[in-house]
Each structure stands twice: as C-alpha cells, then as structure tokens.
Amino acid sequence: TRPPEQYHISQERIEITTQPHTDLWQRTYYHFQNDNAPLLQMETAEPYFSFVVKTDFSDSKHRFDQCGIVLYLDGENWLKASVEYENGAFQHLGSVVTNAGYSDWATTVIDSRIQTMWYRLSRRRDDYRIECSRDGITYHQMRICHMHQGGGLIRFGLYACSPEESSFTAVFSDMRITECQWQAHDGQQPDKETDNP
C-alpha cells in the first residue's frame, strides 16, 4: 500500500527500517493528521479469517517508535495495534481505530524490557477483534471494533513508524492466515436475525 524506503523480505521474516517523522493518526485531541507510515499489506474479500504475526521491536529506543499490525483502507478508515516505546521504564501496548477520519487510542502500560509481541487480527464481516500474546500460544483480547468501511475487499498487514526524529528496525516473523479464531457469539441473541455462521 505504501512501501517503506528500507525493508527486506525473506522466507522467514520481514524487516522494516523506519524513517523519521512517519506516523498514523487522525484529528482526535491532537488536532493533527499524520498519514505517512509505511504499510505492507495484502488484499482479501474473505469475510472470516485470522491473521497472526510476531513482532520484534528490540531495536526501538526513542519515544513513539512503534510497529505492529494494520488494516488500512484509506487515510480516514483504518486500525492498528502495536507497542509504542515511551522510555527506559515503560511503553504502551495499544490499538487505534479510525472511522470517518477520527482516531481513538486504547492503551495499557507494559514494561520496557518486553521486546516482542504476537498479534492476532480476526475478521467477522465488518467487525474485527485484536488480540495480543507474549508467547504466541495464549492470546488476550485487546479490543473488538466495527469498521464502517470494513466489509467486502480489505487490505491488512504490517506497519512500522517513528513519529519523531528517530529510526529503528522492526522484525516481523511467524506470519500465518488461519480459519477465523473468533467464534460466533453464543450469548444474548441479536435483536434481529443475522447471518452468523
């Protein structure tokens, strides 16, 4: 979608070296619009699937350096999940969902000694779930969201960026696409009949 200036793809891994002043954010609170982070994505119209990847950000050492998963439809409709470096004590594990040109940001603080994170993005039509894992086995839900433009053909994949004057190399590995690991809801029934396989 927007190739990085420096990257390398091999059978086992993808490396992206970030450029300074690259980011993804739309309007909310900060009132600025940043839409220049590099994106390596694939396309699918498959309505039910999960995408898994391991990220290694051990090279990040500057505030706001980040890498993770992305579903970028256009400049005003996208989601991302990443670990964002803050300082030598802590960093932010979080996700951003942007619908109709406004971003939100949900985060939790994690220790700065954590240098790898697995993500699993699952799709059920135009609804999505983001999960994270420290070991690639046990996943924990970060959020469920709806993408207003997220039905039909979508693009998803990887991103890395450095919003300030910095650069680092992010490493992505163990990528796979599987059957949807987000099972149909089995609690309260919907208000009306829906196709819910």
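Analyst: The answer below begins with the whole chain, turns to the open sheet, and ends with other strand pairs.

This is a predicted model, in which local features need pLDDT of at least 70 and side-chain atom pairs count only at pLDDT 80 or more, while totals for chains, interfaces and linings use all residues. Residues are numbered from 1 along each chain as its sequence is written, and side-chain values use heavy atoms, with hydrogens and water left out.

The chain has 15 strands and zero helices. Both are DSSP runs numbered from the N terminus: a helix is H or I with at least four residues, and a strand is E with at least two. The radius of gyration is 16 Å, close to the 16 Å that the globule rule gives for 197 residues, so the chain is as compact as a globular protein of that length. That radius is taken over C-alpha atoms, and the rule is 2.2 Å times the number of residues to the power 0.38. Along the principal axes, the C-alpha atoms fill a box of roughly 50 × 35 × 30 Å. Of the 197 residues, 48% count as buried, meaning under 20% relative accessible area; exposed is over 50%, and partly exposed lies in between (1.4 Å probe, protein chains only).

The open sheet has six strands in the order β5-β14-β7-β8-β9-β10, with antiparallel pairing. Two strands pair if DSSP finds at least two bridges between them. The edge strands, β5 (39-44) and β10 (102-111), each pair on one side only. From one strand to the next, the twist averages 15 degrees; axes are lines fitted to C-alpha atoms, and angles run from 0 to 180 degrees between N-to-C directions.

Inside this order, eight bridges join β8 (residues 77-85) to β9 (residues 90-99), and the two run antiparallel. K80 stands opposite V96 in β9. In a regular strand the side chains alternate between the two faces of the sheet.

W105 is partly exposed, with a relative accessible area of 35%.

Other pairs involve strand β15 (residues 169-178), which five bridges join to β2 (residues 13-17) in an antiparallel manner. T17 of the chain stands opposite T169 in β15. Six bridges also join β6 (residues 48-56) to β15, again antiparallel. The bridge partner of K54 in β15 is S173.
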